[in-house]
There are 2 protein chains.
Amino acid sequence: MRAALIALAALIAAPALAQPAAKPAAKSALTMGDILKASAPSDWRRPEPDNLVYLELASGRVVIELAPEFAPNHVANIKTLIRENYFDGLSINRVQENYVVQWGDPDETDKRPMKAGKAALAAEFDRPVTQGFPFTKLPDADGYATWAGFTNGFPAARGGGRTWLTHCYGMVGAGRDNGADTGSGAELYIVIGHAPRNLDRNVTLVGRVLQGMSLLTVLPRGTGPLGFYEQPAQRVPIKAIRLAADVPEAQRTNLEVFRTDTAAFRQLIEARRNRRDGWYVRAQNFIDLCNVPIPVRTP
Amino acid sequence: MRAALIALAALIAAPALAQPAAKPAAKSALTMGDILKASAPSDWRRPEPDNLVYLELASGRVVIELAPEFAPNHVANIKTLIRENYFDGLSINRVQENYVVQWGDPDETDKRPMKAGKAALAAEFDRPVTQGFPFTKLPDADGYATWAGFTNGFPAARGGGRTWLTHCYGMVGAGRDNGADTGSGAELYIVIGHAPRNLDRNVTLVGRVLQGMSLLTVLPRGTGPLGFYEQPAQRVPIKAIRLAADVPEAQRTNLEVFRTDTAAFRQLIEARRNRRDGWYVRAQNFIDLCNVPIPVRTP
């Protein structure tokens, strides 16, 4: 009867180093675990402290990497708002099942004032490909774009001479009103469910969660429309939001991210396109963009 | 400043009737909200009580619809196990971020005995297309299969003369060991993250959650390998698992599921392929299988 439990242990996703892949079977190809184990220091990068955001909750710290290459104005505004302590004491106001967690100023009538921060910015839905970001193309077709792949550690897509970030699990975006140019980064959301790729190029994405997703995904779902909390007391307080660059080194979270522009990452993609772990009986010879993990580790 | 909050309210997923779509803009095409509002009683079905499972937790009831057409032997075994009270007093033992919640017998050394239930069954990964299930085909390509679509209210795929259920959010499967024929339904898992379609036809799917996902998704993530709880005290007790057919009518959960073999459902697919809600500035003219909602309502 021991089988059943092992069975489920073998039902492995191994989305991060903390969850090593099952021991590879006799099959020849490499697993993700093999690839990470064999990786060189140069296969990893340390995100710039000036692009790392710490969302501090009573339950712990969520670490977000910003993507200034894709959303320079929104990212600059988020940094301004962080540095004027705009977010401190605000709250998570919305948790919608299989969709998003979202925070900002919940008060519609007595809004917290901004200093240098801006409450609305022109949309940054996509960028010209000619801007020359590196792009590691997935070998597989993507229904939402001409090509899908990875740029600077973020899931991204291309088509029609443009490139943009994609709404995969853990991606962070700037909520907006019905007008395309009404977001600013003062209200932010994180994808906590199946990738809502329908949102791609409809809203400005600004970064990705590197650590701490489970501090967000366990939050009670809001029972109001769109998952908003109905009672102010249900809101989850934000102790503070800080840039790592502004935090003493001893208090920073030390993380490395697997680079997405390397031969090792292309090996990882292949290992996930065709799972060789002993448990699998069928390799799919395909992977969709948002199923490719971008490993993060504590060095 | 009211804009920002509305903005996010407009960032709508509307996966269920409980979350009506935003008021449609002046654009002509129908939204999902319009389609559901205009639906006829015949566009909805009541699942058979004999195929409805109630997972009773201290926090409430999770309702699962079984799919005997796809996994007849596993479904029959699950019913046998439920009726011999096999699951009562067992626990949820694993919650892995962006992957699965899983329950069963956590004790490897002193397993709970089965009566007529079986601890292992031949895999039911796929079925012959000639079995003649209705299949509402998605108009869009699917990377994991020749066609993707819906059968009897479940997301499904087809190819090579076979048809199978797919690992979308909320799908329920029978954990197994490394051997393909080692699952039985005595250990079950539910997908709580981005659809792990790599599992398709690697493990037997047996049904889908109709109500109560958020009772599962808020559970603390296990800190052991693969998200297993490290301490027995962390496990989440299962009060009981029952078939609706065995529960007095007054205690049943009254649900209707939107049929997937109707003109109305094909309209819904189109409404989600090209979002016409006023908030959207770009319609994708595409949808991936696991982003199509299958609405459930309380009549």
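**Exercise 1. Is A:R297 buried, partly exposed or exposed, and which residue does A:R297 bridge to?**

Step 1. Classify the residue. A:R297 has a relative accessible area of 23%, so A:R297 is partly exposed. (Buried means under 20% relative accessible area, exposed over 50%, partly exposed in between, with a 1.4 Å probe and protein chains only.)

Step 2. Find the partner. A:R297 forms a salt bridge with A:E256, with the closest N and O atoms 2.9 Å apart. (A salt bridge is a side-chain nitrogen of Lys or Arg within 4 Å of a carboxyl oxygen of Asp or Glu.)

Step 3. A:E256 is in strand β16 of chain A and A:R297 in strand β17 (residues 296–297), 41 residues apart. (Helices, H or I of at least four residues, and strands, E of at least two, are DSSP runs numbered from the N terminus.) A:E256 is buried, at 11%.

A note on the basis. This is a predicted model: local features need pLDDT of at least 70, side-chain atom pairs count only at pLDDT 80 or more, and totals for chains, interfaces and linings use all residues. Residues are numbered from 1 along each chain as its sequence is written, chains are lettered from A and ligands numbered from 1 in the order in which they are written, and side-chain values use heavy atoms, leaving out hydrogens and water.

**Exercise 2. Which parts of chain A does the salt bridge of A:R83 and A:D246 tie together?**

Step 1. Check the distance. The closest N and O atoms of A:R83 and A:D246 are 2.7 Å apart.

Step 2. Locate the ends. A:R83 lies in helix α3 (residues 72–83) and A:D246 in the loop between β15 (240–243) and β16 (256–258), so the bridge ties together parts 163 residues apart in sequence.

Step 3. A:R83 is partly exposed at 41%. A:D246 is also partly exposed, at 41%.

Step 4. Widen the view. A:D50, A:K79, A:R83 and A:D246 are linked in a network of salt bridges. Over all chains, the count is 34 salt bridges.

**Exercise 3. In what order do the 5 strands of the open sheet in chain B run?**

Step 1. Read the order. The strands follow β6-β10-β9-β8-β7, with antiparallel pairing. (Two strands pair if DSSP finds at least two bridges between them.)

Step 2. Find the edges. β6 (127–128) and β7 (136–137) each have a single partner strand, so one side of each is left without a neighbour in the sheet.

Step 3. Look inside. Strands β9 (residues 154–159) and β10 (residues 162–165) of chain B are joined by 4 bridges. B:A157 stands opposite B:W164 in β10.

Step 4. The charged end of B:R201 sits over the ring of B:W164, 3.5 Å from its centre. (The rule asks for NZ of Lys or CZ of Arg within 6 Å of the ring centre and within 35 degrees of the ring normal.)

**Exercise 4. How are the rings of B:F70 and B:F133 arranged?**

Step 1. Take the geometry. The ring centres of B:F70 and B:F133 are 5.0 Å apart and the planes at 35°, so the pair is tilted. (Rings of Phe, Tyr and Trp, the last by its six-membered ring, pair if their centres lie within 6.5 Å; planes under 30 degrees apart count as stacked, over 60 as edge-to-face and the rest as tilted.)

Step 2. B:F70 is in the loop between β3 and α3 (72–83), and B:F133 in the loop between β6 and β7, 63 residues apart.

Step 3. Check burial. B:F70 is buried at 3%, and B:F133 is buried at 11%.
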